[in-house]
Amino acid sequence: MTASALLVGLIIVPLAGAVLTPVVGGRDGARACGWATLVMVVTSGIAAALVVHVAQVGPFSAYLGGWEPPYGIELRFDEFSASVAIICLLGLLAVVFSLRYAAHELPPVRIGTYYTLLLLNLTGMLGFVVTGDVFNLFVFMEILSLSGYALVAISGERTAEMAAFKYLVMGAVSSLLVLFAIGLLYALTGSLNMADISARLSGAAEAPAMLALALLTTGLMVKAALFPLHVWLPDAHAIAPSPVSALLSGLVVKTGLLGLIRVYQIYYGAKVLDLSALNTVLVWLGAISIVMGAFFAIFQEDIKMMLAYSTISNIGYIVMGLGLASQYGMIGATVHIFNHALIKATLFLGAGAIIYRTGYRNLTDLRGVGRSMPFTTAAISVGAISIVGMPPTAGFLCKWYIALGAVQAGHPVFGVALVFGALFIFVYYIRMVNSFYFQQPVHPEILEVKEAPLSMLVPILILAALCLVMGLLGRIPLSFIEPAVTRLLGTVGG
Amino acid sequence: MIAMLWQNIDYVGSVVLFCIGLYCVITKNNLIKKFIGLNIMETSVFAFIIALGVVDGGEAPIMGAGASAPFTNPIPQALILTGIVVAVSTTALALSLIIRIYEHCGTIEADELREME
């Protein structure tokens with residue numbers, strides 16, 4: 001099969017799978033889960049083939065309906081699109097994890113719907129990262145956002161619905177900002193294809209191009225939950241069912257950042273504006289996000305709330321790396337998109353397994369759980385070490401690169417902010433590990449709970465192992481993404 | 001200045017509508033009113049993009065006997081058709097969430113909901 005057919009299949013398979021889930025699954029939650037797993041296995045196979053292909057021959061495209069750009073819709077697969085690998089991996093593991101979790105936490109009538117929404121959400125993300133057309137980008141963004149709002153509310157509890165509404169209002173406003181910007185870009189260039197826009201934008205008027213850039217950046221920053229636009233995130237991510245939290249925190253917020261990389265690709269190529277002002281804003285917002293996210297997280301008692309705030313910190317790291325606009329910073333940021341997804345999924349799924357077995361979610365109530373659920377808590381500890389950024393785990397590598405990027409860009413002070421943030425993060429993760437292992441249980445019955453069931457434990461352990469392996473084999477993603485970053489930065493001559 | 005604004009009255013109008021909508025979203029206390037504000041914003045963006053494609057004296061771009069230039073640009077209309085579908089699904093989801101919130105809490109005023117948390 002040709003690469004372009006595979007690229008189309010990457011979106012069609014999960015989309016068709018989502019639509020067919022109610023038909024195949026009916027009212028049987030386990031069958032729906034089996035079907036969703038099958039769909040994700042096929043999709044992951046396609047994604048793996050595409051990533052291998054891009055590593056061998058470089059970026060390639062598929063033209064939908066045989067219409068060549070700029071008239072038709074182009075799907076473009078470059079090194080940044082290789083994030084489909086992590087989307088498929090996390091999607092697959094989250095589906096497997098959901099088998100027992102959904103049956104336990106959700107009303108039975110909603111389980112079929114849950115898998116449909118999960119697959120739709122993954123379709124939206126896969127489409128978002130491979131499309132080469134700005135309006136198509138908007139459509140996929142809406143698919144993933146709308147299914148995301150519904151997934152947050154799916155447990156049917158009062159707080160979940162309120163969190164979903166808050167998320168919906170902010171998400172919808174940000175989508176409109178992006179749509180407005182797409183309209184402006186179309187008015188300026190008469191095209192919707194990203195490469196074509198980039199080529200035609202160079203002769204465009206400066207003021208509307210700047211307005212479009214501002215709208216796009218603001219809209220995507222809301223999606224990415226960068227401080228101070230993060231207010232929707234903690235509630236939505238903490239209250240959603242744990243596999244959904246893992247996807248939202250690991251992947252959905254990252255699509256905002258991948259969208260930002262696409263915006264950079266358009267504007268760097270066009271050379272219509274000097275982007276250094278935007279970069280300065282991003283670096284500062286990133287640094288503030290790191291510190292504020294960590295600061296709020298220290299005061300959280302609820303384990304999932306703490307993880308949600310920690311996501312804000314990590315988004316800060318990535319945005320800072322992008323804003324530094326230096327080779328090392330950009331590489332570190334891109335790889336951190338990938339590694340943070342692994343780490344945060346480990347933590348959220350682990351927390352989900354603990355909540356599933358014990359029914360508690362506050363750190364005080366969870367004291368001593370390390371003795372009864374040794375494997376799960378060990379996996380969470382690996383995730384915690386990794387997110388703090390200790391060698392030889394996955395988190396160390398990216399943070400090291402971002403710090404090097406700060407030095408390379410001539411702003412070592414941001415490297416200091418980064419280390420300072422890491423110390424903060426260390427404080428609250430050590431608090432978590434401490435209460436799991438070293439404190440006397442408040443509830444004695446917590447020593448009696450069983451280890452998580454296999455369908456939960458296996459995904460968690462796979463992810464925890466990957467957190468370690470990706471630290472040791474860190475050279476592979478770094479050298480994989482390097483040509484793309486060099487190409488991107490090469491166009492600005494920096 | 002005035003002449004330029006008048007010439008671009010369609011763009012000015014959609015920006016004003018956008019700001020009115022955003023104002024409602026931010027300041028209104030009632031969830032339904034908040035959402036009406038969001039719908040106003042949606043409409044303003046749609047109007048802006050539709051206005052991009054308008055050509056003075058343009059006809060519908062349908063080929064066939066008697067078709068003569070200038071034609072209106074059909075692409076913005078096709079885009080906004082998709083945009084409206086998205087807006088309808090957002091509205092449906094938001095309204096169903098509001099109904100559920102009302103069933104659970106007996107109110108849809110944002111400040112009263114905040115007190116209940």
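The buried residues of helix 19 of chain A pack against helix 10 (242-270) and helix 13 (327-358) of chain A. Here a residue counts as buried if 20 or more other C-beta atoms lie within 10 Å of its own, as exposed if 12 or fewer do, and as partly exposed in between, with C-beta atoms placed from the backbone. Helices (H or I, at least four residues) and strands (E, at least two) are DSSP runs, numbered from the N terminus. The model is predicted: local features need pLDDT of at least 70 and side-chain atom pairs count only at pLDDT 80 or more, while totals for chains, interfaces and linings use all residues. Residues are numbered from 1 along each chain as its sequence is written, and chains are lettered from A and ligands numbered from 1 in the order in which they are written.

The buried residues of helix 19 of chain A include Pro477(A), Ile481(A), Ala484(A), Val485(A) and Leu488(A). An α-helix has 3.6 residues a turn, so residues three or four places apart point the same way. Helix 19 of chain A covers residues 475-490, and its 16 residues should span 22 Å at 1.5 Å a residue, which agrees with the 22 Å between its end C-alpha atoms; the expected span is 1.5 Å times one less than the number of residues. The helix has a kink of about 35 degrees at Glu482(A), shortly before the proline Pro483(A). Such a bend is the angle between axes fitted to the seven residues ending at a residue and the seven starting there.

Chain A as a whole comprises 19 helices and 2 strands. Its radius of gyration is 21 Å, close to the 23 Å that the globule rule gives for 494 residues, so chain A is as compact as a globular protein of that length. This radius is taken over C-alpha atoms, and the rule is 2.2 Å times the number of residues to the power 0.38. Of the 494 residues in chain A, 63% are buried.

The loop between strand 1 (60-63) and strand 2 (74-77) of chain A holds Pro70(A), which is partly exposed, with 18 other C-beta atoms within 10 Å. Leaving aside neighbours within four places in sequence, Pro70(A) is in contact with Ser191(A), Asn193(A) and Asp196(A), contact meaning that the C-beta atoms of two residues, placed from the backbone, lie within 7 Å. The C-alpha atoms of Pro70(A) and Ala195(A) are separated by 8.7 Å, although these residues are 125 apart along the chain.

Chain A also touches chain B, through 22 residues of chain A and 24 residues of chain B. On the chain B side, the largest share, 13 residues, comes from helix 4 of chain B.
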